[in-house]
Amino acid sequence: IIDYLNEIAISSEENLPDTPSVNDEHKHVLQHQLELFGLFNIGPIGQMPDSNILKDGDHVDQLHEWLEDDGSDGEFSLLYRFSRDGTSAASFHSKCDNHGCT
């Protein structure tokens, strides 16, 4: 946790460090430690999507709440990224087709 706090201290708001990863058995311990240090906004461990837009755990929680109301809540998975996968419609469809609602 100390390494993570140091990385946060030297990172810009646009380039925050990745959330520490732990096995499922110990996620609750890491979540508790992050809460003790006042880092509530990173959301539940393992639920933050790989996103340049969604960086706030409160926003992720809100999306989950809306999806729960809709009956379609689940894990977030980045299928397509403009900067990684290209700009064409064909590129988008090759990554997103047949993956349900996107």
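This is a predicted model: local features need pLDDT of at least 70, side-chain atom pairs count only at pLDDT 80 or more; totals for chains, interfaces and linings use all residues.
Close-up 1. Together with I2 and F37, L36 forms a nonpolar patch on the surface, and the accessible area of the three residues together is about 330 Å².

**Close-up 2. The whole chain, shown for orientation among the helices.** The protein holds five helices and zero strands, so that, read from the N terminus on, its elements run α-α-α-α-α.

**Close-up 3. A patch of negative charge on the surface, with D58 of helix α3 among its members.** The residues that gather in this patch are D58, D61, E65, E68, D69 and D70. One of them, D58, lies in helix α3, the element that covers residues 57-70.

**Close-up 4. The network of salt bridges that links R84, D85 and K95.** Side chains of opposite charge can pair when their charged atoms come close. Two salt bridges are counted in the model, and the residues R84, D85 and K95 are linked by such bridges in a network. In one of these contacts the side chains of D85 and R84 meet, with an N to O distance of 2.8 Å, while the contact between the side chains of D85 and K95 has an N to O distance of 3.8 Å.

**Close-up 5. The aromatic pair of Y80 and F92.** A pair of aromatic rings is described by the distance of the centres and the angle of the planes. The structure holds one aromatic pair. The ring centres of Y80 and F92 are 5.2 Å apart and the ring planes stand at 80°, so the pair is edge-to-face, a description that applies to planes over 60 degrees apart. Because Y80 lies in the loop between α3 and α4 (82-85), and F92 in helix α5 (residues 89-96), the pair ties together parts that are 12 residues apart in sequence. F92 is partly exposed, with a relative accessible area of 32%.

**Close-up 6. The backbone at N98, in the segment after α5.** Most residues other than glycine have a negative phi. N98, by contrast, has a positive phi of about 65° although it is not a glycine. This residue lies in the segment after α5, and N98 is exposed, with a relative accessible area of 82%.

Terms used. Residues are numbered from 1 along each chain as its sequence is written. Side-chain values use heavy atoms; hydrogens and water are left out. Patches are made of residues with over 30% relative accessible area and no salt bridge: like charges are joined within 9 Å, nonpolar side chains (Val, Leu, Ile, Met, Phe, Trp, Tyr) within 5 Å. Accessible areas come from the Shrake-Rupley method with a 1.4 Å probe; for residues, only the protein chains shown count as cover. A salt bridge is a side-chain nitrogen of Lys or Arg within 4 Å of a carboxyl oxygen of Asp or Glu. Lys and Arg count as positive and Asp and Glu as negative; His and the chain ends are not counted. The place of a charge is taken as NZ of Lys, CZ of Arg, CG of Asp or CD of Glu. Helices (H or I, at least four residues) and strands (E, at least two) are DSSP runs, numbered from the N terminus. Rings of Phe, Tyr and Trp (its six-membered ring) pair if their centres lie within 6.5 Å; planes under 30 degrees apart count as stacked, over 60 as edge-to-face and the rest as tilted. Buried means under 20% relative accessible area, exposed over 50%, partly exposed in between (1.4 Å probe, protein chains only).
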